[in-house]
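Thanks for coming, everyone. I will walk you through one structure, piece by piece. Have a look at it first.

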Amino acid sequence: MTAPSPPPPLLEARNVQKHFGRVVALREANFTLRPNEVHAIVGDNGAGKSTLIKIISGVYHADSGEIAIDGRPVTIANPREAREFGIETVYQDLALADHLDSSGNLFLGREQLRPPPLSWFGFLDKKAMRRRAQEEMRRLKIGIQSVDQPVLSLSGGQRQAVAVARAIAWGRRIVIMDEPTAALGVRESSMVLELIKEVRSQGLAVIMVSHNLPEVFAVADRITVLRLGRTIVTLDKSETSLEDVVGMMTGALAVAA
Ligand SMILES: Nc1ncnc2c1ncn2[C@@H]1O[C@H](COP(=O)(O)OP(=O)(O)O)[C@@H](O)[C@H]1O
Ligand SMILES: [Mg+2]
């Protein structure tokens with residue numbers, strides 16, 4: 001009798017290459033995401049981290065290589081298609097609409113309409129959206145007093161939380177975060193890290209791009225190291241150390257093939 005084959009990874013990137021003119025952003029990127037894990041992608045500035053996640057979220061197209069979901073090769077032509085695969089991304093610049101409140105941002109581009117006939121005239125169901133936004137914030141334990149405050153008036157951590165809440169509200173399978181704490185203070189960063197754990201506990205997988213290694217070690221299950229557009233290694237957090245990961249990021253520590 002043969003052993004049952006393990007389930008395919010939730011998402012896999014194989015031999016992905018990407019050039020921008022003469023700049024090689026990704027030379028040979030490999031990455032696998034398991035269901036329900038927090039997977040950190042680390043590497044020095046310019047290593048190709050953002051490029052890799054933008055390929056996964058449909059912003060860029062790989063020059064060559066393959067992306068598979070549930071073991072099946074797929075084409076992710078644009079961010080809308082990524083969302084159809086259940087992938088939501090929180091970009092480095094957050095992409096919030098400052099003049100809208102949290103509820104408006106949560107539903108940005110997916111506004112809920114009033115029941116017909118009002119829907120025919122484009123009337124928005126603001127009450128329903130506010131209720132859902134409140135539920136979502138509560139579910140994620142996000143402490144925002146009022147969901148009808150313009151996000152411009154929120155703190156950096158709260159803004160990040162709104163962007164994350166939006167990703168989680170719609171992301172059915174994978175939430176990607178690019179440097180989620182880069183612009184935040186210590187207390188707000190720890191709030192975002194708690195949020196990442198909360199997302200995992202709700203059954204989603206998280207890809208977290210970061211070069212803050214203490215944070216990576218605080219939340220990630222696995223770590224993939226990119227250097228100069230190449231995947232150097234993927235490790236279980238439990239089988240490595242912060243010092244070794246720094247060495248692999250800089251190239252000071254060779255990785256056995
Ligand atoms: N849109 C772009 N046009 C030209 N070069 C780019 C573009 N995006 C990224 N690059 C280049 O690709 C390399 C990898 O960038 P990036 O993926 O942003 O790295 P990281 O996120 O790891 O800092 C860098 O040399 C960067 O300058
Ligand atoms: Mg980046």
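One term before we start: a residue counts as near a molecule if its C-beta atom, placed from the backbone, lies within 6 Å of it. Also keep in mind that this is a predicted model.

Now the ligand. Which residues surround ligand 1? They are F20, V23, A25, G43, N45, G46, A47, G48, K49, S50 and T51. By type, that shell splits into four nonpolar residues, six polar and one charged. Two elements, β2 (23–33) and α1 (49–56), each supply at least two of the shell residues. The biggest giver is α1, with three residues.

Next, the core. The largest nonpolar core has 66 residues. Inside this core, L52, V164, I174 and V206 have the most contacts. Helix α5 provides the largest share of the core, seven residues. As a general point, nonpolar side chains in soluble globular proteins tend to be buried together. Let's zoom in on I174. Setting aside residues up to four places away in sequence, I174 touches L10, L11, L33, G86, I87, L204, A205 and I207.

Start with α4, residues 126–139. This helix has 14 residues and spans 20 Å from first C-alpha to last, close to the 20 Å expected. Which residues of α4 are buried? M129, A133, E136 and M137. Viewed down the axis of α4, these buried residues fall within an arc of 95°, so they line one face of the helix. Here is the background: an α-helix has 3.6 residues a turn, so residues three or four places apart point the same way. Turned away from the buried side of α4 are the exposed residues K127, E135 and R138. The cover over the buried residues of α4 includes α3 (102–106) and α5 (156–170). After α4 comes K141, with a positive phi near 60°.

Now α6, residues 186–201. Helix α6 has 16 residues and reaches 23 Å from first C-alpha to last, close to the expected 22 Å. Its buried residues are S189, M191, V192, L195, I196 and V199. They cover an arc of only 155° around the axis, which puts them on the same side of α6. On the other side of α6, V186, R187 and S201 are exposed. What lies over the buried residues of α6? The cover includes β3 (38–42), α5, β7 (174–178), β8 (205–209) and α7 (213–219). Just after α6, G203 has a positive phi of about 95°.

Let's turn to the backbone. Most residues other than glycine have a negative phi, and most peptide bonds are trans. N15 is not a glycine, yet its phi is positive, about 45°. N15 sits in strand β1 (residues 11–20). N36 is not a glycine either, and its phi is positive too, about 65°. N36 lies in the loop between β2 and β3. Why does N36 count as partly exposed? Because it has 16 C-beta neighbours inside 10 Å, and a residue needs 20 or more to be buried. Then there is the peptide bond from P116 to P117: it is cis, with omega near 10°. P117 belongs to the loop between α3 and α4.

Last stop, Q149. Q149 is in the loop between α4 and α5. With 14 C-beta neighbours inside 10 Å, Q149 is partly exposed. Beyond its neighbours within four places in sequence, Q149 is in contact with D101 and L154.

Definitions and conventions
Residues are numbered from 1 along each chain as its sequence is written. Chains are lettered from A and ligands numbered from 1 in the order in which they are written. This is a predicted model: local features need pLDDT of at least 70, side-chain atom pairs count only at pLDDT 80 or more; totals for chains, interfaces and linings use all residues. Helices (H or I, at least four residues) and strands (E, at least two) are DSSP runs, numbered from the N terminus. The expected span of a helix is 1.5 Å times one less than its number of residues. A residue is buried if 20 or more other C-beta atoms lie within 10 Å of its own, exposed if 12 or fewer, and partly exposed in between; C-beta atoms are placed from the backbone. The arc is that of the directions from the helix axis to the C-beta atoms. Two residues are in contact if their C-beta atoms, placed from the backbone, lie within 7 Å. Ala, Val, Leu, Ile, Met, Phe, Trp, Tyr, Cys and Pro count as nonpolar, Asp, Glu, Lys and Arg as charged, and the others, Gly among them, as polar. A nonpolar core is a set of buried Ala, Val, Leu, Ile, Met, Phe, Trp, Tyr and Cys residues joined through C-beta atoms within 7 Å.
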